[in-house]
Amino acid sequence: MFRNAFIIFSVTFFTLSLHHRFFSQKMMHRSKSFRPIKKEQVVFTNHGKAELVNINQHINRWFLLKLPEQGQILHIENVSADNIVQLTTSGLRFTNPILKKNMECNLFASKNSVLDKNKLLRHRSPFYKICHGLAWIRLKRKSDTVLSSKEKATAILRRYGSWGESMINAVKPWMVKFDAETGESFSLPGTALAETFEQPDLTAPESALMETSQSHMVAKEHQSEIKLKNQPKWMSYGKWYETSMHDGVFTSLFMPSLVAKNIKQSYPRRANKIQGSEKDKMVYLMAYDLERFGAQFVLGTTYPGIENPKGKLNHIVPIGQIPPWHMEDAVSVFIGGFKNDHGRIKWGPLKGKTYGYIEKGIELRPMSPGLVTFMVDKTGKTRIETWPEDLFAQARLKKEIVSARQNGVPLIEDGKPGKFVSNWGAGNWSGDAKGRLQSLRSSVCLSEQNDKRFLIFAAFTGATPSGVAKVLQSYQCDQAMHLDMNAWMYIHNAIFKVKNNRIAVEYLHKYMRYPKNIRKHRYILDNNNRDFFYVYKY
């Protein structure tokens, strides 16, 4: 009896000691890798107390400079995450450990201070350069977005709550028919066909998967303004063409009717059949070679808005345009996601989940587990993944992710339609309860092909979520996320080039332009009220 008790005691003690040792090592590892998100520095200058807050020191981009004696709290952006920013009695010190260089920046001069309130008030741009361009002050400025007549009418109706939404839904089917663009195709004979099908571009993504009998179809006409390298006379559906403006940026045309038969019939429990009314609706696509380009998410001045219940983000300044230090490297812009009013799932197993987002490492609306997320990490790698449930995995991501945007559930997950693609309520696909889901829609996906990765944007002129998913399967997308919808400005995409302070812009579709006589370009120089993504050269 005593022998058995001794054995049981020994085994229990040994097991507990191993568990304690493992747990202690695990916690020690976590404590070593953990640093608080926020870092604060305080000095006393000739003008009084100054405090610099690095809001997320793991990302090292956004700071708050607090000057209580002057009554100022300034939102400062550090251009390079490699630069360590220190507060000194004279201003800021930038230390680059890679280049082993220091740069002193005098901000607290007694005369002609760059932080003078009147200077900042007179400055028209939302970006104010300091410290020789190593940092910029983000200034709150009114958006100068110009609304179309449709946007104005929609905004007015939405002021009236549920009644306004019901009016919008009542006219939506008519607007869908008005906006939808029907594609036409034909096959070229003989020599003309041979001229169109030149040698494949090995740098481009693979062509869409289509039926062999349809692979020779060309577009009779289209509304894209993108200029093509080598200026082909015709564009074949499903094929990628490199743009003349930028190497490594490609465009393509498609119609859902061209989807290969085996794809149309695949995963019937996840995606519905392509509807007859959407089969011939045009799809416009852009692709970016991710060996050459990166992407970033930018919050608009108003939408989708900062969720700030405790006032911790009061002095964060959203600016709806590409930052000036990235303008010459930027090559393209495209639309973001839903506004906050529509960024909440109302039915199904994910009911109550809201669409979160991160800019420069700051969580401006809480990220929701289980939702698909477009994200960019500190290395510049673009990813589309489902935000994890595990708290430690979430904490780890928040130290790695520079920018992120959630917009519902996956369209494509591991190469197949997401499990809620055919479920109107659980997918939060907009449309209405009668199943009228066809609308202008946009999406973004990642496709890995032959050891190359491509970011693909698609604008659909009249599609259902299932139709979108089937087209993205044809283009061999591995992961995909729905973006905004219902109007041309909400499926926006343009490429551009800035040289010698001059800008050239080409739109994926001519209706994506601003209204006539407006000499501006969305998201590029207009401090837009909506969120967006931009693509830039590494």
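C445 and C477 are both buried (under 20% relative accessible area, with over 50% called exposed and anything in between partly exposed, using a 1.4 Å probe and protein chains only). A disulfide joins this pair, S to S 2.1 Å, where a disulfide means two cysteine sulfur atoms within 2.5 Å. Keep in mind that this is a predicted model, where local features need pLDDT of at least 70 and side-chain atom pairs count only at pLDDT 80 or more, while totals for chains, interfaces and linings use all residues. Residues are numbered from 1 along each chain as its sequence is written, and side-chain values use heavy atoms, leaving out hydrogens and water.

**Disulfides**

**Nonpolar cores**
- A nonpolar core is a set of buried Ala, Val, Leu, Ile, Met, Phe, Trp, Tyr and Cys residues joined through side-chain atoms within 4.5 Å.
- The largest one has 108 residues, and F254 and L455 touch the most other members.
- Leaving out residues up to four places away in sequence, L455 touches (heavy atoms within 4.5 Å) residues including F334, F374 and C445.
- A second, separate core has 23 residues, among them V85, L87, L107 and L120.
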